[in-house]
Protein chains: 2
Amino acid sequence: MKLWLTTITAVLSLQLNASELKLDNNLAYQLTESLTVEVGQRLAGSEADARAVAWAEQKFKQLGYDKVWTEPFTMQYWQRGQASLTVSAPFQQSLVVTALGGSIGTPFDGINAQVAMFDSLEQLKQADAADVKDKIVFINKSMGKDKLGTFYGSVVGARAQGAVEAAKLGAKAIIIRSVGTSINRFAHTGIMRYSDDVARIPAAAVSVPDAIQLEKMLSRQPELTLQLQMQNKLPGEVVSHNVIAEITGSKRPDEIVLISAHIDSWDEGTGALDDGAGVGIVMATGALLKQQGRPERTVRVVLFGNEEGGLVGARAYAAKHAAKLKQHVFASESDFGAGRIWRLDTGFGPNALSFAKTLQQQLAALGVEPGDNTASGGPDVSVLKAQGVPVVSLQQDGTDYFDYHHTPNDTMDKIDPAAMQQNLAAWLVTTAAIANSSIDLRQ
Amino acid sequence: MKLWLTTITAVLSLQLNASELKLDNNLAYQLTESLTVEVGQRLAGSEADARAVAWAEQKFKQLGYDKVWTEPFTMQYWQRGQASLTVSAPFQQSLVVTALGGSIGTPFDGINAQVAMFDSLEQLKQADAADVKDKIVFINKSMGKDKLGTFYGSVVGARAQGAVEAAKLGAKAIIIRSVGTSINRFAHTGIMRYSDDVARIPAAAVSVPDAIQLEKMLSRQPELTLQLQMQNKLPGEVVSHNVIAEITGSKRPDEIVLISAHIDSWDEGTGALDDGAGVGIVMATGALLKQQGRPERTVRVVLFGNEEGGLVGARAYAAKHAAKLKQHVFASESDFGAGRIWRLDTGFGPNALSFAKTLQQQLAALGVEPGDNTASGGPDVSVLKAQGVPVVSLQQDGTDYFDYHHTPNDTMDKIDPAAMQQNLAAWLVTTAAIANSSIDLRQ
Ligand SMILES: [Zn+2]
Ligand SMILES: [Zn+2]
Ligand SMILES: [Zn+2]
Ligand SMILES: [Zn+2]
């Protein structure tokens with residue numbers, strides 16, 4: 001086997017014998033375990049990200065993929081520093097806080113200010129500047145639970161846009177209640193945005209118990225002050241990579257069936273659910289498909305880099321392959337944890353809906369219900385869908401996903417091997433059906 | 001109302017109106033909330049411990065207790081510093097770690113060593129020094145769950161004695177799998193011990209997910225090294241306090257019915273379950289008893305200091321009151337979280353067992369079953385029981401207690417107000433029955 005002539009790969013290669021992969025229905029779980037144990041967190045742009053890329057390239061080769069390569073892209077690198085949030089007298093104590101991804105740090109001595117609490121981003125937008133100026137904004141919106149994670153959309157705006165809205169009103173910093181569904185005392189990170197025409201202020205999240213605690217404190221002592229300190233760094237542009245591997249099609253090798261996940265993760269957990277599970281599922285799918293006999297169309301597995309920073313690898317992929325997107329007959333991504341797949345949503349042309357029905361019937365034995373035709377395909381794949389590539393979403397049960405997502409608690413022990421087997425089976429059925437068909441899903 | 005003429009109390013007094021207490025069946029919950037929100041963590045010997053003592057003295061007065069005072073004792077103060085544990089190449093990553101209470105720190109650059117893993121303290125004791133010398137010992141014993149928390153006893157030995165046993169064999173440090181029942185990624189602290197004739201080595205705990213992760217790494221790479229850094233301080237002797245309050249008995253004021261909890265907590269959570277709940281329950285019990293009519297015997301509520309350091313306040317109390325322990329007709333402590341009381345265990349003389357039966361019958365409506373006569377009375381009260389004081393243990397359902405205990409996740413949101421009401425009712429029934437009786441429970 002050809003090995004990358006780099007230190008990282010040389011070191012990883014020592015592990016080959018220690019973690020032999022078996023091409024069986026536990027393969028997805030094995031791969032996710034290998035990634036999370038041997039690499040762990042892999043923040044986009046970091047040294048660990050580079051190790052994850054090397055790990056993926058090596059594993060693809062070990063799994064017998066026909067072609068394996070990486071595609072570089074540039075990105076803005078962000079590094080988390082120490083963070084602390086303390087309550088001043090009379091209730092002196094520390095709260096559990098984490099920086100939002102992309103946030104600037106505070107001055108070394110921190111920011112000390114009174115608090116302006118809001119129920120939601122919408123309420124903040126309607127506030128008077130006089131009530132916000134020179135304060136730390138606190139958005140205290142809780143999040144509900146369901147299988148599809150539909151509540152995420154209605155709370156994550158505070159994370160993404162809160163800093164801009166708070167800064168417009170003169171706030172010194174913003175903290176939000178974690179976008180998450182657990183009462184465990186973990187703060188939830190995730191990307192936030194600045195706007196070029198608005199001052200940049202530090203943005204952080206407190207855990208749900210700390211948000212509840214802070215609300216109780218403010219009801220007793222509205223004038224209390226918080227001291228926020230964060231030492232994040234924004235070192236500038238670096239290079240990261242998408243990792244791509246193919247099983248070459250036996251009859252129509254130019255037609256690409258793309259299945260994907262993202263290789264990067266946030267840095268506080270080991271990224272087992274987000275998105276180690278997806279990585280394991282799609283890597284295993286291609287390997288087992290080849291074992292079952294080469295498919296007619298080419299199956300391309302893409303592990304996108306820097307999804308967390310805002311689909312950066314996916315956009316680079318779409319740009320680089322713009323001329324060949326018409327050859328992409330299908331795309332899908334696994335990026336919603338490791339829960340069982342319970343519904344098939346499609347994003348097909350009208351003539352392909354009878355194929356969608358057949359596909360769902362094949363999946364019914366795995367407990368998969370019919371869904372609708374409005375699938376996004378997954379975060380990264382939504383970029384390809386926007387260019388007309390047909391997609392499916394194999395919807396996972398995400399009821400508990402936001403208990404762990406983007407927290408230190410996203411670790412391998414949260415994954416049920418049996419659910420991973422069911423995911424792998426559903427991806428195999430779906431990918432095989434499309435890769436062995438000549439249907440045009442665009443029509 | 002007389003106020004302590006200290007800054008702490010002056011500041012606290014501002015809060016009186018903001019958190020008026022209602023003498024109703026929610027009082028225990030209200031008090032626990034007040035303590036955890038307004039003071040938060042209260043590590044024995046710290047400034048926060050002094051604020052908790054001031055809080056308690058003030059609340060006792062506010063609640064209408066007849067006498068309120070503090071009793072000082074000296075103790076060894078221990079302060080947690082930053083802690084980190086990192087895995088070296090090829091699996092570079094950070095593990096979640098916390099210092100065990102009382103542990104020394106490491107040199108500033110940390111301790112870097114290979115790992116000697118053991119299933120239990122017992123297995124470590126039987127190890128060859130050659131396999132342990134200059135390594136970091138890792139005891140990886142998991143803990144089961146039940147209502148009584150009986151598995152705690154069989155795993156906590158590694159926490160208490162592991163450093164001594166590891167040092168005897170030449171280890172550089174010890175880390176243990178957290179003594180806890182949750183897979184959430186929190187490390188569990190708690191007191192550890194040194195021996196004067198054995199070298200002192202740093203001692204820490206990793207979270208359960210990190211213990212599982214480390215075990216998987218070691219199975220792939222037994223030679224890997226860990227880097228442990230901790231910056232704990234042992235500043236020496238300081239003064240802390242027991243806080244004591246009484247409802248004077250109407251007929252037999254010299255006979256003391258002692259109910260108790262401990263005011264200190266570990267420093268990473270807010271000590272809601274351990275032992276804020278107990279503090280709320282026993283403070284409310286005395287206040288509501290007086291409201292219902294003064295009891296015949298004196299009801300003394302003791303909030304012991306520095307239970308976590310090894311029953312330090314309880315021993316000071318027993319020593320100071322040695323001559324009057326015979327007047328202590330009864331003692332009990334609430335220190336097992338906020339779960340419902342489901343069983344009454346007693347530690348009475350043989351002639352009092354019929355009274356135990358009557359008491360249990362009174363508690364039956366609250367769902368309390370009869371237990372045995374081997375009650376300890378609670379950690380601090382065990383010191384009084386050893387001196388012949390009759391006790392009961394109102395056994396709480398502790399099934400989930402060790403999910404939170406001694407971790408950052410021990411916070412107020414884990415407490416069910418209805419369960420607190422049931423606790424308060426059971427403590428009221430029990431305390432009233434004994435305080436309004438003339439029975440000698442020693443006989
Ligand atoms: Zn993701
Ligand atoms: Zn994510
Ligand atoms: Zn306790
Ligand atoms: Zn404790």
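1. Start with the loop in chain B that runs between strand 12 (297-304) and helix 9 (312-320), which is where Asn306(B) sits. Helices here are DSSP runs of H or I with at least four residues, strands are runs of E with at least two, and both are numbered from the N terminus. This is a predicted model, where local features need pLDDT of at least 70, side-chain atom pairs count only at pLDDT 80 or more, and totals for chains, interfaces and linings use all residues. Residues are numbered from 1 along each chain as its sequence is written, chains are lettered from A and ligands numbered from 1 in the order in which they are written, and side-chain values use heavy atoms, with hydrogens and water left out.

2. Asn306(B) is not a glycine, yet its phi is positive, about 45°. Asn306(B) is also buried, at 5% relative accessible area; buried means under 20% (1.4 Å probe, protein chains only).

3. Leu311(B) is in the loop between strand 12 and helix 9 of chain B. Another non-glycine, Leu311(B) has a positive phi of about 60°. Its relative accessible area is 15%, so Leu311(B) counts as buried.

4. On to the peptide bonds: the one joining Ala89(B) and Pro90(B) is cis, with omega about 5°. Pro90(B) belongs to the loop of chain B between strand 2 (83-87) and strand 3 (93-95).

5. There's also a cis peptide bond from Asp274(B) to Asp275(B), with omega near 5°. Have a look at the setting too: Asp275(B) is placed in helix 8 of chain B, residues 272-291.

Conventions
Buried < 20%, exposed > 50% of the residue type's maximum accessible area, 1.4 Å probe, protein only.
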